[in-house]
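Student: Can you walk me through this model? I'd like the contacts to begin with.

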Amino acid sequence: MRETPEDLKELQALLEASLSRSSSHLRSIINTERTLTAEQLARVLTGMCTLALSTVTAKGEPRISGVDGHFLHGKWYFGTARDAVKARHLAARPAVSAAHMRGEDLGVFTHGTVEILNPQDGEPAADWPDLLAYFKDFYGDDCFDWDNDVVFYRLHPHWMTVYAADIAKLTAASQP
């Protein structure tokens, strides 16, 4: 878990606000007995979590693809090839939806906008060196030309909700 107390406070506020703004149908499924707190979520979402990422074409057509998601500091981070179609979609239209699902046990659903962390022709995000160190440690230092091959994003969520069928089961598996 890499979240600071402030990260967890912000994430908890987002989770509560998102659920309160949801439809009655969604709240009948995702309620206090079937959701995780920010701290529980940060403990469960460690390492790489496959995300289904939805972007939109210039014609407004939806596109979905898979990305390696990393949940750090209460936000999703992911990368793709600089020449990937989704990279062009994200550069033009940064609004996305992402879902991480583990069978029927866990669903994390997020809507927000992405920020490019390592633009090819611009200044990287202030925390890019720390994030790059994390990604190199995870994937290996020599698997990419980190400056030219891959572009990484931070998803700034404006809505996020979590479904957990069995909270005790999920949190027991993630205990330190």
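This is a predicted model: local features need pLDDT of at least 70, side-chain atom pairs count only at pLDDT 80 or more; totals for chains, interfaces and linings use all residues.

Tutor: Contact here means heavy atoms within 4.5 Å. Among contacts in the chain between residues at least 6 apart in sequence, 71% join residues at least 24 apart.

Student: OK, how many helices and strands?

Tutor: The chain has 6 helices and 6 strands, taken as DSSP runs numbered from the N terminus (helices H or I, at least four residues; strands E, at least two). From the N terminus the order is α-α-α-β-β-β-α-β-β-α-β-α.

Student: What share of the residues is buried?

Tutor: Of the 176 residues, 43% count as buried, meaning under 20% relative accessible area with a 1.4 Å probe, protein chains only.

Student: And which residues touch the most others in the largest nonpolar core?

Tutor: Leu36, Leu41, Trp76 and Met160, in a core of 32 residues. A nonpolar core is a set of buried Ala, Val, Leu, Ile, Met, Phe, Trp, Tyr and Cys residues joined through side-chain atoms within 4.5 Å. Strand S6 (residues 150–164) gives the largest share of this core, 6 residues.

Student: What does Leu41 touch?

Tutor: Not counting residues up to four places away in sequence, Leu41 touches Leu11, Leu15, Leu36, Phe71, Val108, Met160 and Val162. A second, separate core has 12 residues, including Tyr77, Trp128, Phe135 and Phe152.

Key. Residues are numbered from 1 along each chain as its sequence is written. Side-chain values use heavy atoms; hydrogens and water are left out. Buried means under 20% relative accessible area, exposed over 50%, partly exposed in between (1.4 Å probe, protein chains only).
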